[in-house]
Amino acid sequence: MAEVLDIAVRLVVVVAAFLLLPLIVGQMEHKAMAHMQARLGPMYAGGFHGWAQLLADGVKFVQKEDVIPAAADRWIFAIAPAVALVPYLVVMVVIPVGPGLAAVDLDAGLFFVLAVMGVGVLGAIMAGWASANKYSVLGGIRAAAQLMSYELPLVLAAASVAMAAGTLSLQGIAEQWRWWWLPWQAIGAFVFFVAGLAELRRPPFDMPIAESEIIMGPMTEYAGFRFALFMLAEYAGIVVLSALTTVLFLGGWQGPLLPGPVWTLLKVFALAFVVIWVRVSYPRMREDQLQKFAWTVLVPLALLQLALTGVVRVLTA
Amino acid sequence: MSGYFGSYAVVVVLFLVGVAIFAGGLFVNRMLRPSRPTPEKLTTYECGVDPVGEGWAQSQIRYYVFTYLYVVFAVDAVFLFPWATVFAAPGYGMTTLVEMFVFLAFIALGILYAWRKRVLGWT
């Protein structure tokens with residue numbers, strides 16, 4: 001009984017984090033982006049610096065009409081937001097925030113995370129195809145092409161960490177981490193983070209949703225609550241990517257003075273800030289630049305990191 | 001809740017919670033929203049004019065070769081993971097390191113070949 005209760009508490013924490021952290025990151029994006037562009041961002045909702053803006057958005061979205069175009073493939077169109085969103089919740093089950101503090105510690109945690117994160121992209125492809133809209137189909141195909149190209153560097157960079165730690169468990173990897181992994185795994189961290197950004201279709205890799213040319217791509221036909229779910233999936237994706245980069249490359253909960261979970265959250269929000277910063281700083285990459293970048297820059301870099309990891313590990317063993 | 005499959009049971013429970021969040025949200029949405037569909041409202045969006053032809057339009061798919069490349073390399077990469085956990089274990093050392101370079105050479109050669117065949121550019 002105590003064991004079941006223990007797991008139930010952990011799951012409640014995971015679900016609470018899943019519903020809360022994306023909103024905080026979203027609000028952070030509103031405010032950070034506004035100040036980088038010399039404006040104020042939301043100031044009215046909730047009184048203090050517009051803190052309740054996203055809650056107000058949520059209340060608005062939930063009351064809006066659910067429009068499904070007559071030409072669309074109804075069922076696929078209806079469930080696509082869930083396919084985009086739920087994988088990020090499932091991934092959070094294995095992310096540790098402190099020694100022993102994860103909902104569950106899977107032996108093949110890293111492998112599980114990569115497999116489930118890939119499913120999230122399918123939501124965008126399904127939405128794009130089911131909308132029966134020319135912009136959406138283009139966006140869906142672009143999303144598919146992006147998944148194909150960036151999954152490989154992502155997997156190779158993650159494999160480098162698995163080699164360094166000698167385990168696939170995320171708990172184990174964060175425990176093995178030492179400060180000198182920072183320079184040792186720097187290339188891998190860069191490749192992982194950038195490829196992760198591309199999988200999330202965040203700027204500058206937002207060619208699939210390019211709102212100024214193909215009008216949000218896969219999400220053109222979405223409105224109201226289902227659109228809100230896609231937005232939530234995007235921010236949940238940022239949280240998951242930042243958390244994974246933290247656990248794999250930045251030592252997770254390790255740090256002086258403060259307790260483990262605080263360190264994890266600090267690192268996650270620092271990385272989420274970088275995600276926002278990159279969005280404000282870089283223009284969108286063209287489709288051919290984007291593909292070329294993956295195959296001629298990221299994949300060779302990831303292979304280099306694998307070689308480096310292997311040599312250092314065997315020579316120091 | 002113990003053993004190998006026990007830990008995956010937790011994952012399944014969380015998945016069901018996720019589905020429940022989605023279904024619950026849609027249910028609340030259904031209770032609160034208006035529903036007044038008109039033929040115009042249900043038309044496919046195409047910059048405000050009537051759509052031309054159907055949405056599943058024929059178009060040239062570029063970069064389709066990438067799909068093959070991806071399948072080949074991803075299958076390779078999957079084999080990295082079990083190997084990664086044991087390659088530095090006592091008794092392996094140099095042998096597995098040499099094997100790793102053989103493996104990396106295969107992938108690098110494949111990418112070089114694709115590059116030379118000019119499939120990495122705009123086709």
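This is a predicted model: local features need pLDDT of at least 70, side-chain atom pairs count only at pLDDT 80 or more; totals for chains, interfaces and linings use all residues.

**Stop 1: a helix pair in chain A**

Select residues 109-130 of chain A, which form helix α4, and residues 134-165 of chain A, which form helix α5. Now show the side chains where the two helices touch. On the α4(A) side, the contact residues include A:L110, A:L114, A:G118, A:V121 and A:W129. On the α5(A) side, they include A:V137, A:G140, A:A144, A:L147 and A:E151. By class, this contact of α4(A) with α5(A) consists of 15 nonpolar residues, five polar ones and one charged.

**Stop 2: a second pair in chain A**

Next select helix α2 (residues 53-62) of chain A and helix α9 (residues 224-249) of chain A. Here the axes come within 7 Å and cross at roughly 140 degrees.

**Stop 3: the nonpolar core**

Which residues touch the most other members of the largest nonpolar core? Select A:V94, A:A158, A:A159, A:F192 and A:V239 to see them; the core has 130 residues. Helix α5(A), already visited, gives the most to this core, with 22 residues.

Stay with A:F192 and look around it. Setting aside neighbours within four places in sequence, A:F192 is in contact with A:L154, A:A157 and A:A158, and also with A:T245, A:L248 and A:F249.

**Stop 4: chain A as a whole**

Zoom out and select chain A. It has 11 helices and zero strands. The C-alpha atoms of chain A fill a box of roughly 60 × 45 × 45 Å along the principal axes. Its radius of gyration is 20 Å, which agrees with the value near 20 Å for a compact globule of 317 residues. Of those 317 residues, 54% count as buried. Take the contacts in chain A between residues at least 6 apart in sequence: 79% of them join residues at least 24 apart.

**Stop 5: chain B as a whole**

Now select chain B. It has three helices and zero strands, in the order α-α-α along the sequence. Its C-alpha atoms fill a box of roughly 70 × 55 × 15 Å along the principal axes. The radius of gyration of chain B is 26 Å, whereas a compact globule of 123 residues would have one near 14 Å. How much of chain B is buried? Buried residues make up 15% of its 123 residues.

**Stop 6: where the chains meet**

Finally, show both chains together. Here 55 residues of chain B are in contact with 62 residues of chain A. To follow the chain B side, select α1 (3-32), α2 (65-86) and α3 (94-116) of chain B, the elements that give two or more residues to it. Helix α1(B) supplies the largest share, 15 residues. Colour this side by class, and it divides into 39 nonpolar, 12 polar and four charged residues.

How values were computed. Residues are numbered from 1 along each chain as its sequence is written. Chains are lettered from A and ligands numbered from 1 in the order in which they are written. Helices (H or I, at least four residues) and strands (E, at least two) are DSSP runs, numbered from the N terminus. The radius of gyration is taken over C-alpha atoms; the globule rule is 2.2 Å times the number of residues to the power 0.38. A residue is buried if 20 or more other C-beta atoms lie within 10 Å of its own, exposed if 12 or fewer, and partly exposed in between; C-beta atoms are placed from the backbone. Axes are lines fitted to C-alpha atoms, for helices over the stretch in contact, and angles run from 0 to 180 degrees between N-to-C directions. Two residues are in contact if their C-beta atoms, placed from the backbone, lie within 7 Å. Ala, Val, Leu, Ile, Met, Phe, Trp, Tyr, Cys and Pro count as nonpolar, Asp, Glu, Lys and Arg as charged, and the others, Gly among them, as polar. A nonpolar core is a set of buried Ala, Val, Leu, Ile, Met, Phe, Trp, Tyr and Cys residues joined through C-beta atoms within 7 Å.
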